[in-house]
Amino acid sequence: MIVGGGSAGCVLANRLSAGGQFSVILVEAGRASRPLMSKVPLGVGRAWSDPRHNWNDHSAPEPGLDGRHLTLTRGRLLGGSGAINAMNFVRGAAADFDAWHSLGLPGWSAEEMARHFRATERTAAGLSSPTRGDSGPIDVTETPVRDGLIEAWMKALQGQGVKRLDDYNADLTAGVGRAQFNIARGRRRDPRVAYLDPACRRKNLRVLGEHHALRITVRDGRAADVLARYRGVLRRIAARREVIVAAGSYGSPHLLQLSGIGPGATLQAAGIPPVMVNDRIGCNLWDHPRVAIEYARCPSYMHRLLRWDRLLIRFAQALVLRSGPATWPLAAAHLFMVSSPARNSPDMQVLLRLFDPTLQPWLLKAPDGDRWGMVVCLVQPESRGHVRTLSDDPAQAPEVVTGILSEESDMARMVATCEALRQAMRVPEMTRWASEELSPGPSVSTKADWRDFMRKTSGTIFHPGGTCAMGEVVDHRLRLRGVAGLRVVDASVMPLPVTGNIHAAVLAVAEKAAGMIRQDAR
């Protein structure tokens, strides 16, 4: 039984049901229906802001952000966050997985993980190489957007010694390259479409949408069944072999704690009888903080597209012909940087954004101006947060503290990177594009100013992981320590951060997990 129909759950459902040897049931709290607009790359914004498809939770006061509460966007539908994300496909750096291996986790080195990344991918012809996959379910293409800003930005950086990366997923090092996305023929190629939908024809796979898992029952030290609520009715779903928790970095530790598996003090405070005490469940939450540096620009293609008549025509073109600007992704290029010469692998990522993300559709009067931005992300943070259940009531969201920028070292790296990027834009090649800085603006000039700006405007870029970490909560085969027949497979098992958007790594982890589960079942 798989609890959670997000990216990892979709991969597991496909791979474990293949061949017909095992019966598989997938339990998902969100809807099984798929909003039409979410099939089109530009339409993801509609699903993103729709409470029917987004849990839309908020963090507790964040200590590194002057006590601000952050929005925690997570997918609330079959396909999970992978069905409403921005489709960036970034494998991560080899050093990330070698660091996992060095923790005493055999099988998780970069060399061993490479084949699982290849298993996920079907790369476009221009990206084809021996290091990339060519027959996997997830199509990976380079952005088709042509905007003068893209080449101007990359050439300006290259002129200052930054290496051009023709394919950062072949070998992610410091450098800049055009962005890659899981898009195919004008459609999102997310895990539901790529993995789950083809498998749903199999007789040995059953998918239950709108089933909110409440707790896992443990009998005689083994996970026996899952209690779920479906439209007000309680259902107990038995597991013959294993319960695989794939509810995400917030949902997985929360479900375990509701089941009496977690830190003793947390369980006691919530009034939950302990089944197995592990103080590390829900700890070690890491996420990638982000902040934007923005400049004024002439109206972008998105500014023009958002006039209502044009927008409707372009959406129709995308839905019927699978072409046009509504099928284009939102980011344009990625820059990977090291914050100090002592680092042998990038710890900063910068996403080039071509337009103002707050633009809204218009008809008679166009919005004033447009802006482009550099979204600066710290992808190897030292700050940590937690997920902690507050009640034995499954309907109450857990307390989530992302902890971003709570460590001074993280703040210092973010400030230094932003200062360096601002300076890098003051070159003749960028005169046309970077003549007017809108945010943070010229009033922010000292390190103290930057820190204040960070505390007031920084947020998460929605890449949480680590809350059921390998080596602390699960073993290297993702089996929960202390309870038989129970595994966790999602971003929560990643003990250390991944350099870049984590979705590709989640797919690879699930691919690897499926192989281990089948081996153990035999």
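**Cores.** I started with a term: a nonpolar core is a set of buried Ala, Val, Leu, Ile, Met, Phe, Trp, Tyr and Cys residues joined through side-chain atoms within 4.5 Å. Buried means under 20% relative accessible area, exposed over 50%, and partly exposed in between, with a 1.4 Å probe and protein chains only. I then noted that this is a predicted model, where local features need pLDDT of at least 70 and side-chain atom pairs count only at pLDDT 80 or more, while totals for chains, interfaces and linings use all residues. I also noted that residues are numbered from 1 along each chain as its sequence is written, and that side-chain values use heavy atoms, with hydrogens and water left out.

Which residues have the most contacts inside the largest nonpolar core? I found L478 and L486, in a core of 74 residues. Helix α13 (residues 503-521) gives the most to this core, with eleven residues. Helices here are DSSP runs of H or I with at least four residues, strands are runs of E with at least two, and both are numbered from the N terminus.

I listed the partners of L478, skipping residues up to four places away in sequence: W108, M470, L486, R487, V488, V489, V493, V509, A513 and M516. Contact means heavy atoms within 4.5 Å. I also found a second, separate core of 61 residues, with A156, L354, F355 and M411 among them.

**Whole chain.** I read off 13 helices and 26 strands for the protein chain. Its C-alpha atoms fill a box of roughly 70 × 50 × 45 Å along the principal axes. Of the 522 residues, 59% count as buried. Among contacts with a separation of 6 or more, 71% come from residues 24 or more positions apart.

**A helix pair.** I looked next at helix α3 (residues 94-102) and helix α4 (residues 110-120), whose axes come within 8 Å and cross at roughly 120°. That makes α3 oblique to α4. For the labels, angles under 35 degrees count as roughly parallel, over 145 as roughly antiparallel, 65 to 115 as roughly perpendicular and the rest as oblique. Axes are lines fitted to C-alpha atoms, for helices over the stretch in contact, with angles from 0 to 180 degrees between N-to-C directions. A94, F97, D98 and H101 of α3 meet A110, E112, M113 and F117 of α4.

P440 is in the loop between β24 (437-439) and α12.

Where does N56 lie? I placed N56 in the loop between α2 (44-48) and β3 (57-58). Its phi is near 55°, a positive value in a residue other than glycine, and N56 is partly exposed at 38% relative accessible area.

R231, in the loop between β13 (222-230) and β14 (233-238), also went into my notes. Phi of R231 is near 50°, a positive value in a residue other than glycine, and R231 counts as exposed at 60% relative accessibility.
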